Amino acid sequence: MPPSAFRLCHALAVSLRAWALALLLLAPVATSAQSPVTLNFVDADIDVVAKAIGELTGKTFVLDPRVKGKINIQSARGISPALAYPTFLAALRMNGFAAVEGAGNIVRLVPEVDAKTLPAPVGGSATGAVITRVIPIINQGAAQIANAVRPLISANSAVVVYPPGNALILSDYGDNIRRVEAMIERLDVPTVSAPELITLSHASAVDMVATLSRMFADAGTEPRERIVFAADARSNAVILRSDDAQRLARAKALIEQLDRPSAAPGNLRIVYLKHADAAQVAQTLRRVLGAEAASGSNGNGSSMSSSSSSLLPAPTVAPAASAPASPSLAAAAAAFAGAQPVPALTTSAHTGPQAAFSAGGATVYPDPTINALVISAPTAIYNNLRAVIEQLDVRRAQVFVEALIVEVQADRAAEFGIQWQALDALAKSATQGFGGTNFGAAGQNILGIATDPPSVGRGLNVGIVRGALTIGKTQITNLGLLARALQNDLQANVLSMPTLLTLDNEEARFSGGQNVPFLTGQYAQTGGSNSVTPFQTIERRDVGLTLKVRPLITEGGSIRLQLYQEVSNIVESAAVAVGLANINKRVLESTVLVEDGQIVVLGGLLQEGYTNAEDKVPLLGDAPLVGSLFRYDTRKRQKTNLMIFLRPTVLRNAAQLGALSNERYRLLGLEQEAITPESRPPLPPVQLPALPLGAPVSR
């Protein structure tokens with residue numbers, strides 16, 4: 001018998017034996033549906049076992065072509081027919097296959113990795129089949145729950161977070177999903193980190209939060225170990241929140257111990273300011289205390305009712321003599337210790353910002369050396385003052401102002417003319433005539449050049465010389481003809497970019513240029529010996545670029561700018577040497593509203609002028625062809641374009657300021673590198689000054 005025929009017969013024999021064994025094992029099913037069955041499959045093909053289980057349970061199995069292999073199921077005693085199907089699914093799962101149930105008792109057997117992509121029943125209850133379940137999360141976040149249960153899901157299954165509904169979508173085996181649901185039920189409980197409010201009776205909520213933050217600053221990095229404190233100045237309460245119940249209980253016990261009346265006499269407290277200036281805050285509190293104390297009495301001098309909403313319960317002050325004469329902290333404490341209530345508001349003899357003042361039983365003293373406020377006041381008044389100070393002591397935003405001044409100038413001028421003279425008769429004694437044409441200023445006219453040839457002006461000068469003439473002691477060049485031609489083109493492009501960085505609502509000034517002396521007076525004093533002593537008065541003025549700006553950041557984020565900008569330069573002339581120079585001056589003064597980072601045009605000057613000058617001999621200068629021999633033409637065109645732009649940028653934190661400073665630092669370093677000279681062998685190397693390596697880091 002051929003080998004192929006032998007293998008075919010052997011396969012048929014094995015298949016027939018498997019079918020016979022399956023029918024023999026399931027024979028009790030035909031007699032009674034509730035009778036126990038014994039499942040014994042040894043190296044049985046999956047399709048054969050699937051058909052046997054289908055006949056037992058009435059399900060129809062659809063096998064994927066990739067579902068192949070052997071199954072081993074052995075039961076020592078009979079089992080309920082209802083457990084035959086779950087047992088078969090467990091065997092499939094051990095071989096890397098899964099069952100997906102469908103409508104009409106149809107079950108698809110596919111590889112486990114593809115089971116999650118098939119339309120599985122939503123909310124099904126099959127134990128060993130792949131199902132999909134939507135689990136809503138009530139108290140916690142779905143993303144946090146998903147991170148906790150994801151290790152419990154098999155590698156080929158899926159867990160999806162649905163943020164809009166705060167729910168999880170699970171696709172896995174039914175028995176595993178029930179296990180995950182039980183785990184989620186225990187995790188999805190109300191958190192213990194709900195905020196709690198503790199109202200204080202004696203201490204200040206702001207001071208209490210500062211103390212608690214320092215005490216619990218060593219909390220771990222885990223979110224559960226952290227505790228958050230916040231102060232509500234309006235109700236003088238502390239708001240705290242933590243996931244750790246024990247740490248929260250310790251914080252509440254500490255607050256209860258600290259919220260007691262002060263044992264120190266005089267209620268003397270020191271408030272250190274982080275951002276604001278102590279002198280300015282003291283002035284603000286002085287106005288507030290003064291206004292409240294003044295409103296505490298009526299026109300007849302009698303006190304108002306205690307039910308009034310005044311900040312100060314009684315207008316009591318310290319006498320003026322108790323005010324400290326020096327800004328030392330010890331002197332301030334001594335003054336507070338001797339302060340006695342008086343029925344009227346009295347201010348200290350010191351009117352400066354560093355002087356102490358008293359009103360309504362409260363005394364405030366600024367100490368600029370440490371930027372702190374020393375306050376002596378009853379607890380109720382101090383709590384109100386502390387709330388006001390907390391709102392005043394905030395980091396002020398800064399404004400970086402970039403001003404761009406662009407001036408483009410183009411001037412064009414042209415001259416052309418012919419001049420002639422007949423001076424031969426000047427050297428003769430007989431009566432003779434002479435004449436000619438003479439146009440222009442010194443250096444341009446023919447007589448001036450004849451007297452002083454080196455003074456000839458710019459341009460092309462062509463003439464005819466017939467020797468020289470001596471008249472008395474003066475020698476004159478006999479210049480018979482002079483032709484001049486000149487064309488001048490002037491183009492200038494000047495860009496100035498002054499920048500300023502200033503605090504919100506603080507004026508800043510930038511000035512760059514020269515300090516030029518100007519002659520303002522001149523005198524001649526005559527002494528007893530008839531000697532003349534000259535005397536001059538000189539005034540110096542700044543000439544160049546000046547920028548003054550005061551920015552104010554509005555509530556909507558816009559910037560209100562009050563600015564003054566001046567651009568001036570000296571007109572070059574011979575009068576500069578004697579202090580009589582002329583100045584070109586352009587001033588812009590305005591108040592504008594600008595958005596953050598927006599470039600706006602503030603103003604400008606567009607100026608264009610044309611000049612056409614003609615000097616000629618009457619009648620002869622208008623003659624055709626030969627008229628140019630008796631005419632001198634000068635034409636000039638001036639065009640100036642000056643525009644001023646502005647761009648403010650709000651810097652609200654140290655990171656923005658550091659990024660801006662580092663960028664300017666880097667650009668300056670690149671500019672220094674660009675002017676490094678090339679090395680030349682005959683010349684020694686020169687080390688140019690350069691910025692230190694690395695940009696400064698703003699903290």
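**Close-up 1. The largest nonpolar core has 24 residues.** Think of a nonpolar core as a set of buried Ala, Val, Leu, Ile, Met, Phe, Trp, Tyr and Cys residues joined through side-chain atoms within 4.5 Å. Buried here means under 20% relative accessible area, exposed is over 50%, and partly exposed is in between (1.4 Å probe, protein chains only). Phe 61, Phe 88, Leu 92 and Leu 109 have the most contacts inside this core. Two or more residues each come from β1 (40–45), α3 (46–57), β3 (70–74), α4 (84–94), β4 (97–101) and β5 (106–111). These labels are DSSP runs numbered from the N terminus: helices (H or I) have at least four residues, strands (E) at least two. This is a predicted model, where local features need pLDDT of at least 70 and side-chain atom pairs count only at pLDDT 80 or more, while totals for chains, interfaces and linings use all residues. Residues are numbered from 1 along each chain as its sequence is written, and side-chain values use heavy atoms, with hydrogens and water left out.

**Close-up 2. Who does Phe 88 touch?** Leaving out residues up to four places away in sequence, Phe 88 meets Val 49, Ala 50, Ile 53, Phe 61, Ile 71, Ile 73 and Leu 109. Contact means heavy atoms within 4.5 Å.

**Close-up 3. Phe 216 and Phe 229 make a tilted aromatic pair.** Rings of Phe, Tyr and Trp (its six-membered ring) pair if their centres lie within 6.5 Å; planes under 30 degrees apart are stacked, over 60 edge-to-face, and the rest tilted. Here the rings are 5.6 Å apart centre to centre, with 45° between the planes. Phe 216 sits in the loop between α7 (205–215) and β10 (227–232) and Phe 229 in strand β10, so the pair ties together parts 13 residues apart in sequence. Phe 216 is buried at 14% relative accessible area, and Phe 229 is buried too, at 12%.

Close-up 4. Trp 420 belongs to strand β16 (residues 398–422), while Phe 630 is in the loop between β25 (600–616) and β26 (631–651), 210 residues apart. Trp 420 is partly exposed at 32% relative accessibility, whereas Phe 630 is buried at 16%.

**Close-up 5. An open sheet of three strands runs in the order β6-β8-β7.** Its pairing is antiparallel; two strands pair if DSSP finds at least two bridges between them. The edge strands, β6 (130–136) and β7 (158–162), each pair on one side only.
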